[in-house]
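Hi,

Here is the structure I promised to pass on. Have a look at it first, and then read on for what turned up.

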Amino acid sequence: TTLTMAYVTWPELHIAHVGDSRCYLARDGELRRLTRDHTLAEQLVEAHALSPEEARRSRFRHILVNAVGGSAKSVRVDLHSFELVPGDRLLLCSDGLTGHLGDAALAEQLSQPVSAEDSARALIDAANAAGGSDNITVVLAHFCRRQGRLGSCRRGLLPPPVPPLPVFGGGGGGSVGCVVG
């Protein structure tokens, strides 16, 4: 099992990560992957035995070398902290999304001037259209300042209340999580 968790105490972002789900930060039109996959394919890329493109197609991309509930006696949790700025977009997603959509497609969707919910649904729809062969989970947050508080990035309106996290993916079409504020 994998775990990618984000906790925000504005403006600080804290991430805990194990496995092959991912966390991305979109800022000023650029997408940055904040986590590293704990897979055999990723280790081969780091050892220069595979290119990143070869790893995307490799049979080793689903072999976890660090997982929650694995056979190892201990789990290595990657912990990271970053500073957020207004306008940032944070994406947490399963490999069901990134297995079908590359970073360029993620960056393109996250640059669109639409709500977090609309972006999340568009990402899930695109991954399903590209094959949708795995569970697709998307949790997306947009951070914008409006009148001294965090609010919606669209038209300066504050969003309606959203259900509390966690939001977990299920079989089939995927799940959407929208967190603002």
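Let's start at a turn: strands β3 and β4 make a hairpin with two residues between them, and D28 in that turn has a positive phi of about 50°. Helices and strands here are DSSP runs, numbered from the N terminus, with at least four residues (H or I) for a helix and at least two (E) for a strand. Before going further, a word on what you are looking at: this is a predicted model, in which local features need pLDDT of at least 70 and side-chain atom pairs count only at pLDDT 80 or more, while totals for chains, interfaces and linings use all residues. Residues are numbered from 1 along each chain as its sequence is written, and side-chain values use heavy atoms, leaving out hydrogens and water.

The overall picture

The protein chain has five helices and ten strands. Of its 181 residues, 37% count as buried, where buried means under 20% relative accessible area, exposed means over 50%, and partly exposed is in between (1.4 Å probe, protein chains only). The accessible surface comes to about 9,800 Å², and 53% of that belongs to carbon and sulfur atoms; these areas come from the Shrake-Rupley method with a 1.4 Å probe, and for residues only the protein chains shown count as cover. Take the contacts (heavy atoms within 4.5 Å) between residues at least 6 apart in sequence: 62% of them join residues at least 24 apart.

Strands around the hairpin

Back to β3, which covers residues 22-27 and has five of its six residues buried. Pairing, by the way, requires DSSP to find at least two bridges between two strands. β3 also runs antiparallel to β6 (residues 89-93), with five bridges joining the two; there C23 stands opposite L92.

β6 in turn pairs with β7 (residues 137-142), again antiparallel and over five bridges, and L90 has A141 in β7 as its bridge partner. How many of the residues of β6 are buried? Five of its five. In a regular strand the side chains alternate between the two faces of the sheet. In β6 both faces are covered, with R89, L91 and C93 buried on one side and L90 and L92 on the other.

The cysteines

If a disulfide is a pair of cysteine sulfur atoms within 2.5 Å, the count here comes to zero. C23 is in no disulfide, its nearest cysteine sulfur being that of C93, 8.3 Å away.

Two helices

Helix α4 (residues 103-110) has L106, Q109 and L110 as its buried residues. They cover an arc of only 95° around the axis, so they sit on the same side of α4; the arc is taken from the directions from the helix axis to the C-beta atoms. These buried residues pack against β3, β4, β6, α3 (95-98), α5 and β7. Also in α4 is E108, which counts as partly exposed because its relative accessibility is 48%. The C-alpha atoms of E108 and G29 are separated by 8.4 Å, although the two residues are 79 residues apart along the chain.

Helix α5 (residues 116-129) has 14 residues and reaches 20 Å from its first C-alpha to its last, close to the 20 Å expected at 1.5 Å a residue. That expected span is 1.5 Å times one less than the number of residues. Buried in α5 are A116, S119, A120, L123, I124 and A127. Seen down the axis, they fall within an arc of 130°, so they line one face of the helix. An α-helix has 3.6 residues a turn, so residues three or four places apart point the same way. The face of α5 turned away from the buried side carries the exposed residues D125 and A129. After α5 comes G131, with a positive phi near 140°.

Cheers
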